[in-house]
Amino acid sequence: MVAKKVVGQVTVEEKNEIQTLFERRNGLNELAKIVTADNTELYEKLVKDMGETSSNLQSWWDTMAQKYQWESAENGTWEINFETCEIYLVVA
């Protein structure tokens, strides 16, 4: 069973930051499906961009969690509702 509860909210500006990173990660993941290691230059750039984007996403979550003191759980993850800016704690 998955439990999900609202633990906070971010500003529209903060939501826009994570949404941009989220969309970038999704775009890079789609690109990764078609880029092969044969194209070394593009492949290396893709890997680098994916790493930076993942790091920036994690940094955003860490910063916001510290700023707003969100509740957390051992097996939990946070999710954002891009329409409402609400943050959910999801525990599987």
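Buried means under 20% relative accessible area, exposed means over 50%, and partly exposed is in between (1.4 Å probe, protein chains only). I wrote that down before anything else, as my first entry needs it.

**Entry 1: ground rules**

I am working with a predicted model, in which local features need pLDDT of at least 70, side-chain atom pairs count only at pLDDT 80 or more, and totals for chains, interfaces and linings use all residues. Residues are numbered from 1 along each chain as its sequence is written, and side-chain values use heavy atoms, with hydrogens and water left out.

I looked up Cys85 and found it in the loop between β2 and β3. Strands here are DSSP runs of E with at least two residues, helices are runs of H or I with at least four, and both are numbered from the N terminus. Is Cys85 buried or exposed? Its relative accessible area is 7%, so Cys85 is buried. Its phi is near 70 degrees, which is a positive value in a residue other than glycine.

Then I turned to Gln69, in the loop between α2 and β2 (76-80). Phi of Gln69 is near 55 degrees, again positive in a residue other than glycine. Gln69 counts as exposed because its relative accessibility is 62%.

**Entry 2: the helix pair**

Next I checked how α1 (residues 12-32) packs with α2 (residues 40-68): the angle is about 155 degrees and the axes are 10 Å apart. For this, axes are lines fitted to C-alpha atoms, for helices over the stretch in contact, and angles run from 0 to 180 degrees between N-to-C directions. The two helices are therefore roughly antiparallel to each other. I noted the cut-offs too: under 35 degrees is roughly parallel, over 145 roughly antiparallel, 65 to 115 roughly perpendicular, and the rest oblique.

**Entry 3: three residues in the helices**

I picked Asp49, which sits in helix α2. At 11% relative accessibility, Asp49 counts as buried. Leaving out residues up to four places away in sequence, Asp49 touches Arg24 and Leu28.

Glu17 is in helix α1, and its 42% relative accessibility makes Glu17 partly exposed. Gly27 is also placed in helix α1 and is partly exposed, at 38% relative accessible area.

**Entry 4: the core**

Last, I looked for the largest nonpolar core, and it has 14 residues. Such a core is a set of buried Ala, Val, Leu, Ile, Met, Phe, Trp, Tyr and Cys residues joined through side-chain atoms within 4.5 Å. Which members touch the most others? They are Val10, Ile18, Trp60, Trp61, Trp70, Ile80 and Ile87. The largest share of this core, 5 residues, comes from α2. I then followed Trp70: beyond four places away in sequence, its contacts include Val10, Trp60, Trp61 and Ile87.

Conventions:
Contact means heavy atoms within 4.5 Å.
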